[in-house]
Amino acid sequence: MVFIDTDGVLIDFVGTAKKFGIEIKANEYDKWKWGEPGFPTPEEFYEEAVLQPWVDDLTFDKKFVIEMMRDRVGFAFITRDFKKPKREVLLRHGMRSDNRSYYRNVIIEEPDKSAYCVNPIDLLIDDNAAECDAWRAKGGLAWHFDLTSETPFEDFMKFWRPRGW
Ligand SMILES: [Mg+2]
């Protein structure tokens, strides 16, 4: 099964923070204090959430989805926290109607994402290298979706489609 992280991979956390006048860098996970002075609550934040430019290509690309279906590979979105407001963000996004059920049904909230790694072909796509390491330590595959790259989505697609199309 393929597990796609939400913050960073789908939701532009850094760009959304800018809307609140907060400058953070990609990969600075410990500098954020929900609801403390100067910081929004999760509800306020995700109400303003900006999606990454590749979100449709990553989640709705027909070939990507069809290929996974061909191989009977399921996929889900996974997050450590605040599943509800994040799901609202994805539902507000102008998704293709035939894929609504993916967003509606398959967002997993789990503080320890690696608990979902149960076999060696489980793949985690995550911008947090530590999450990827924890996943690999359970024996699965992980792609570090590195937001400090100029082309994180293209980098992923090169991995996903090693021979192109
Ligand atoms: Mg993330």
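**Helix faces, core and sheet**

User: What covers the buried residues of α7?

Analyst: β4 (123-126) and β5 (141-144) are among the elements covering them. This is a predicted model: local features need pLDDT of at least 70, side-chain atom pairs count only at pLDDT 80 or more, and totals for chains, interfaces and linings use all residues. Numbering starts from 1 along each chain, as its sequence is written.

User: Which residues of α7 are called buried, and what makes a residue count as buried?

Analyst: In α7 (residues 129-137) they are E131, C132 and W135. Buried means 20 or more other C-beta atoms within 10 Å of the residue's own; exposed means 12 or fewer, with partly exposed in between; C-beta atoms are placed from the backbone. Helices (H or I, at least four residues) and strands (E, at least two) are DSSP runs, numbered from the N terminus.

User: Which residues touch the most other members of the largest nonpolar core?

Analyst: I4, L124 and I125, out of 22 residues. Such a core is a set of buried Ala, Val, Leu, Ile, Met, Phe, Trp, Tyr and Cys residues joined through C-beta atoms within 7 Å. Elements giving two or more residues to this core include β1 (2-5), α1 (13-19), β4 and α7. Beyond four places in sequence, I125 is in contact (C-beta atoms within 7 Å) with residues including V2, I4, W143 and F156.

User: Why are β3 and β5 called edge strands?

Analyst: The open sheet has 5 strands in the order β3-β2-β1-β4-β5, with parallel pairing. Each of β3 (107-109) and β5 pairs on one side only. Strands pair if DSSP finds at least two bridges between them.

User: How do you know that β1 and β2 pair?

Analyst: DSSP gives them 4 bridges in the parallel sense, against the required at least two, so they pair. I4 has F77 in β2 as its bridge partner.

Notes
Contact = placed C-beta atoms within 7 Å.
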